[in-house]
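Me: Please give me a close look at a single part of this model. I would like the packing first, then the elements around it.

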Amino acid sequence: MQRLLRKQVYLTAKQAKRINRRAKIDAVAEAQIIRLALDYGLDILETSQDEQRQRAYARLIAFSNEVAARGPVVGGRSWTRDELYDRGLR
């Protein structure tokens, strides 16, 4: 695991809410969502679109594998796939 450095940032209420919601959906720490979003944003600024897409896809696959390796969420999910479709989150 990489060494992590502590940084303090100020977020808007909307940003904090979005981060919290995404972390709950993915069952990961809010810090992980922030790191992923920061990497994605920096990739956009630093790379061409093709390189950016390839790197983003590789990170997505790695993240998906990491979440899958954790196994089922303790206590189960509070939603069903059909409920997500009903909410338009396809």
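Reply: Gln32, Leu36, Asp39, Tyr40, Asp43 and Ile44 in H2 meet Gln52, Arg55, Ala56, Arg59 and Phe63 in H3. The model is predicted, so local features need pLDDT of at least 70 and side-chain atom pairs count only at pLDDT 80 or more, while totals for chains, interfaces and linings use all residues. Residues are numbered from 1 along each chain as its sequence is written, and side-chain values use heavy atoms, leaving out hydrogens and water. Helices are DSSP runs (H or I, at least four residues), numbered from the N terminus.

Now the geometry. Two packed helices are described by the angle between their axes and the distance between the axes. For H2 and H3 the angle is about 165°, and the axes lie 9 Å apart. Axes are lines fitted to C-alpha atoms, for helices over the stretch in contact, and angles run from 0 to 180 degrees between N-to-C directions. H2 and H3 are therefore roughly antiparallel, a term for angles over 145 degrees. Their crossing is right-handed: the near helix is turned clockwise from the far one by less than a right angle.

Next, H3 itself. Its 21 residues should span 30 Å at 1.5 Å a residue, and its end C-alpha atoms are 30 Å apart, which agrees. The expected span is 1.5 Å times one less than the number of residues. Gln52, Ala56 and Phe63 are the buried residues of H3. Seen down the axis, they fall within an arc of 30°, so they line one face of H3. The arc is taken from the directions from the helix axis to the C-beta atoms. Buried means under 20% relative accessible area, and exposed over 50% (1.4 Å probe, protein chains only). On the face turned away from the buried side, H3 carries exposed Asp50, Gln54, Tyr57, Ala68 and Ala69. The cover over the buried residues of H3 includes H1 and H2. After H3 comes Gly71, with a positive phi near 85°.

That leaves H1, residues 13-26. Its buried residues include Ile19, Ala23 and Asp26. They cover an arc of only 75° around the axis, which puts them on the same side of H1. Ala13, Lys14, Lys17, Arg18 and Lys24 are exposed on the other side of H1. H2 (30-46) and H3 (49-69) are among what covers the buried residues of H1. Just after H1, Ala27 takes a positive phi of about 55°.

Conventions. Helix = DSSP H or I, 4+ residues; strand = E, 2+ residues; numbered from the N terminus. Contact = heavy atoms within 4.5 Å. Parallel < 35°, antiparallel > 145°, perpendicular 65-115°, else oblique.
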